Amino acid sequence: MNAIAGRTLVAALALFGAEAFAAQPGDRSGKEVVDLFCVQCHGTGANGAPRIGDAKAWSARAARGLGGLTESAIAGLRKMPPHGGTLQINDLELQRGITYMVNESGGHWTDPIDRAAKMAERSGAQIVQTQCVKCHGTGEGGAPRIGDKAAWIKRAQPGLESLVASAIHGHGGMPARGGMADLTDAEMRSAIVYMFQTSVKPEK
């Protein structure tokens, strides 16, 4: 590291604090972003910034939606510099910070996610325990009950892929994808295999 770069880093650390650089962009929560960068103005209402906790001030702004508020924060608005005056946060973290301030001021927004990041695949057991068991645990609506060996063998006779296709598209009283629209085909297959294997495994 050359002398100029070293002095620049030291100055940045002194200004923002070492913790501001501890996490990689995109890793910090809305609260972390606000505590590190936004609270200087939004904590007190300095320079006309809506103060965190002022429900009336944030209600009017929240009506513009996350997209509208993010555009203003990125471009800068009145005395607020572009991107909140820092390059140490990315757009996703900026959105998380905005969402946190809205929610701390009476809002009920859902925290934004990184849509470019691939969601970790859920296991068959996780999906069954979260959703499928609601009907397959009791046999509600004619669903083959987990543990009913004969019922599962009968349904599996046309083949696993046929069973998976029925679950994906919906069948009888079961809605498409078991009522979990975000389930992938692979996750549906895992859930069905889990229920089938649990139901037909040999008794000890």
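Me: What is Ser72 in contact with, leaving aside its neighbours within four places in sequence?
Reply: Ser72 is in contact (heavy atoms within 4.5 Å) with Arg64, Leu77 and Met80. This is a predicted model, in which local features need pLDDT of at least 70, side-chain atom pairs count only at pLDDT 80 or more, and totals for chains, interfaces and linings use all residues. Residues are numbered from 1 along each chain as its sequence is written, and side-chain values use heavy atoms, with hydrogens and water left out.

Me: Why is Ser72 called buried?
Reply: Buried means under 20% relative accessible area, exposed over 50% and partly exposed in between (1.4 Å probe, protein chains only). Ser72 has 13%, so Ser72 counts as buried.

Me: Where is Ser72 found?
Reply: Ser72 is found in helix H4, residues 65-75. Helices are DSSP runs of H or I with at least four residues, numbered from the N terminus.

Me: Why are H4 and H5 called oblique to each other?
Reply: The axes of H4 and helix H5 (residues 91-103) cross at roughly 120° and come within 10 Å. Axes are lines fitted to C-alpha atoms, for helices over the stretch in contact, and angles run from 0 to 180 degrees between N-to-C directions. Under 35 degrees is roughly parallel, over 145 roughly antiparallel, 65 to 115 roughly perpendicular and the rest oblique. The pair is therefore oblique.

Me: Which residues of H4 meet H5?
Reply: From H4 come Leu66, Leu69, Thr70, Ala73 and Ile74. They meet Asp91, Leu94, Gln95, Ile98, Thr99 and Val102 in H5.

Me: What does helix H9 pack against?
Reply: The buried residues of H9, among them Met188 and Ile192, pack against helices H6 (124-136), H7 (149-156) and H8 (160-169).

How values were computed: Helix = DSSP H or I, 4+ residues; strand = E, 2+ residues; numbered from the N terminus.
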